[in-house]
Amino acid sequence: MTTNNPLISVIVNCHNGQKYLDSCIKSILKQSYKNFEIIFFDNFSSDNSYQTISMFKDSRIKIFKSDIFLTLPEARNQAINKSNGEFIAILDTDDKADAKRLEKQINFMLDNKEYGAISANCIFIDDDGKMIQKSDLPLDHSSIATKIFWSYPFNNPTLFIRREILEKVGGYPEKFKFINDYALMFEIFNISRVANLKEFLGYYRVHKNNLTNKYSVQMEIELLKFLQKLLKYNSNNHKLSTFYFYLKCLLRVIIKKFSTNS
């Protein structure tokens with residue numbers, strides 16, 4: 001049963017995230033909405049991430065540590081399983097939250113109970129925290145529906161999900177190591193309304209250790225398989241766009257593999 005002051009579980013997954021960890025955690029602790037817990041899940045880090053998080057003395061921070069390395073969706077699901085909130089907020093260690101993020105998102109979800117998940121616009125920043133660009137996401141469910149079959153119209157640093165909806169879809173799909181966020185939000189889109197808030201509520205850091213940069217070929221191959229699945233959906237009224245995006249993805253894979261073998 002949802003209360004007027006529900007607990008929010010902020011899921012912070014970490015693998016060797018020491019460099020940005022202090023900034024990430026402080027951005028959560030400065031939230032205007034106070035009823036939250038931080039589920040910090042150290043995914044077999046070899047740096048000083050665990051020591052860094054242990055320096056924070058706040059009872060809302062709950063620290064867990066894996067003795068083996070897990071894929072990101074496996075680590076996310078383990079962290080979520082250790083949480084208690086009615087709502088799940090995602091924030092990785094290299095990203096930051098605007099101070100009003102949780103307040104704005106919980107207010108929307110309390111006012112709009114038919115929505116299972118939302119995100120919000122983000123400011124993209126570089127390694128030093130300087131702005132690169134701002135996102136311009138589609139806002140309402142119908143606008144998202146025109147794009148979700150051929151792109152990912154959400155921002156991960158601002159994902160905010162009802163626990164009951166997340167449980168209905170079985171959590172993060174672990175068969176997708178790299179595009180699990182896309183696969184998850186598509187499943188939620190299939191059973192619930194989704195939206196994006198216009199406000200800029202997160203800071204997405206772009207750097208060389210992003211999964212997108214480190215495993216670009218593997219990610220593109222997973223995306224190809226997922227797009228093949230989307231092409232088979234009867235409700236996909238945008239199959240031409242999906243197929244075009246599929247061909248662009250295939251071309252990128254061919255180019256990257258050719259470059260690697262050259």
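A: In this predicted model, N16 is partly exposed, with a relative accessible area of 34%. N16 belongs to the loop that links β1 (8–14) to α1 (18–29). Its backbone deserves attention: although N16 is not a glycine, its phi is positive, at about 55°. Most residues other than glycine have a negative phi.

A second residue with a positive phi is F44, which is likewise not a glycine and has a value of about 60°. F44 sits in the loop between β2 (36–43) and α2 (49–54). Its relative accessible area is 43%, so F44 counts as partly exposed.

The loop between β4 (87–90) and β5 (96–97) contains T93. With a relative accessible area of 7%, T93 is buried, because that value falls under the 20% cut-off. Neighbours within four places in sequence aside, T93 is in contact with V12, N13 and C14, with G17, Y20, L21 and C24, and with F40. Among these partners, V12, N13 and C14 fall within β1 (8–14), whereas Y20, L21 and C24 fall within α1 (18–29). F40, in turn, is part of β2 (36–43).

Turning to the helix, α4 (residues 101–111) has R101, L102, Q105, I106, M109 and L110 buried. These residues lie on the same side of α4, because they cover an arc of only 140° around the axis.

Key:
Residues are numbered from 1 along each chain as its sequence is written. This is a predicted model: local features need pLDDT of at least 70, side-chain atom pairs count only at pLDDT 80 or more; totals for chains, interfaces and linings use all residues. Side-chain values use heavy atoms; hydrogens and water are left out. Helices (H or I, at least four residues) and strands (E, at least two) are DSSP runs, numbered from the N terminus. Buried means under 20% relative accessible area, exposed over 50%, partly exposed in between (1.4 Å probe, protein chains only). The arc is that of the directions from the helix axis to the C-beta atoms. Contact means heavy atoms within 4.5 Å.
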